[in-house]
Amino acid sequence: MRKPIPGSMTPWIRINNSFSDLKERFKREPYLQINLILTGVILLIFIYSGFFSPAKDNYPVVCIHEKLTGELCISCGLSHSFSLIVRGRISEAYDWNIYGLRVFIFFAAQLLMRIVFSVFYIKYPGSGKQLITYDIAVSILLFLVSFLPYIEWIFRSLS
């Protein structure tokens, strides 16, 4: 019977150490922590949209603007719209809020980006700064395209 080579590891220890290394990396890398938090928030938004039914109209979050002024705002119906999109009823979602699909796609793209960029960040540690720069640029562009009607509405209502 062969003696084990001193310092060698069994496959289980290597896998376990690999998991420990990954866990340790998440603890010390702010970029990975932020991505993990954002992923969790986006998943909560999608769960919220799937849990509350547009048919029952039982959404716990109400439009504060409508409550205070009695007037509809540009984001009214967004929860209904998201719920309908999650259920695959896109044309009905458009009736509730014409920008709902645009905002939903922003969150879906962000969810995908958080996962993909985190994997690349872990896999290619030398490309961290460049990857973060791409992440910021794409996120800003997506945000502006998705939320431009809302930004315009805010500026119009201020003047």
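Start with the salt bridges: the count comes to two, where a salt bridge is a side-chain nitrogen of Lys or Arg within 4 Å of a carboxyl oxygen of Asp or Glu. This is a predicted model, so local features need pLDDT of at least 70 and side-chain atom pairs count only at pLDDT 80 or more, while totals for chains, interfaces and linings use all residues. Residues are numbered from 1 along each chain as its sequence is written, and side-chain values use heavy atoms, with hydrogens and water left out.

**Stop 1: the two salt bridges**

Select Asp135 and Arg114. Their closest N and O atoms are 2.7 Å apart, in a salt bridge. This pair links distant parts of the chain, with Asp135 in helix H7 and Arg114 in helix H6, 21 residues apart. Helices are DSSP runs (H or I, at least four residues), numbered from the N terminus. Is Asp135 buried or exposed? Asp135 is buried, with a relative accessible area of 5%. Arg114 is buried too, at 3%. Buried means under 20% relative accessible area, exposed means over 50%, and partly exposed lies in between (1.4 Å probe, protein chains only).

Now select Arg89 and Glu92. Their side chains meet in a salt bridge of 2.9 Å, N to O. Arg89 is partly exposed, with a relative accessible area of 34%. Glu92 also counts as partly exposed, at 34%. Side chains of opposite charge can pair when their charged atoms come close.

**Stop 2**

Go to helix H2, which covers residues 30-51. Select Thr39, which sits in this helix. Thr39 counts as buried, at 14% relative accessibility. What does Thr39 touch, not counting residues up to four places away in sequence? Its contacts are Leu111 and Arg114; contact means heavy atoms within 4.5 Å. Arg114 is the salt-bridge partner of Asp135.

Move along to Ser49, also found in H2. Ser49 is buried, at 2% relative accessibility. Leaving out residues up to four places away in sequence, Ser49 touches Phe82, Ser83, Val86 and Arg87.

**Stop 3: the surface patch**

Show the surface and select Leu43, Leu44, Ile47 and Phe51. They form a nonpolar patch with about 450 Å² of accessible area together. Areas come from the Shrake-Rupley method with a 1.4 Å probe, and for residues only the protein chains shown count as cover. Patches are made of residues with over 30% relative accessible area and no salt bridge; like charges are joined within 9 Å, nonpolar side chains (Val, Leu, Ile, Met, Phe, Trp, Tyr) within 5 Å. Leu43 lies in H2. Leu43 is partly exposed, with a relative accessible area of 40%.

**Stop 4: helix H4**

Select residues 78-86, helix H4. How many of its nine residues are buried? Seven are, and the helix is mostly covered. They are Leu78, His80, Ser81, Phe82, Ser83, Leu84 and Ile85. These buried residues pack against H2, H5 (90-96), H6 (100-123) and H7 (128-158).

Zoom in on His80, placed in H4. His80 counts as buried, at 8% relative accessibility. With residues up to four places away in sequence left out, His80 touches Pro54, Asp57, Tyr59 and Trp96. His80 and Tyr59 are 21 residues apart in sequence and 8.5 Å apart in space, C-alpha to C-alpha.

Step past the helix end. Just after H4, Gly88 takes a positive phi of about 80°.

**Stop 5: the nonpolar cores**

Select Phe46, Phe82, Val103, Phe107, Phe147 and Tyr150. Of the 15 residues in the largest nonpolar core, these touch the most other members. A nonpolar core is a set of buried Ala, Val, Leu, Ile, Met, Phe, Trp, Tyr and Cys residues joined through side-chain atoms within 4.5 Å. H2, H4, H6 and H7 each supply at least two residues of this core. Which helix gives the largest share of this core? H6 does, with five residues.

Center on Phe107. Not counting residues up to four places away in sequence, Phe107 touches Ile42, Ile45, Phe46, Phe82 and Phe147. A second, separate core has six residues, including Tyr31, Met113, Tyr121 and Leu131.

**Last stop: color by confidence**

Color by pLDDT, the predictor's confidence in each residue, from 0 to 100. The protein averages 85, and 88% of the residues score at least 70. Confidence is lowest in helix H1 (residues 11-28), at a mean of 66, and highest in H6, at 95.
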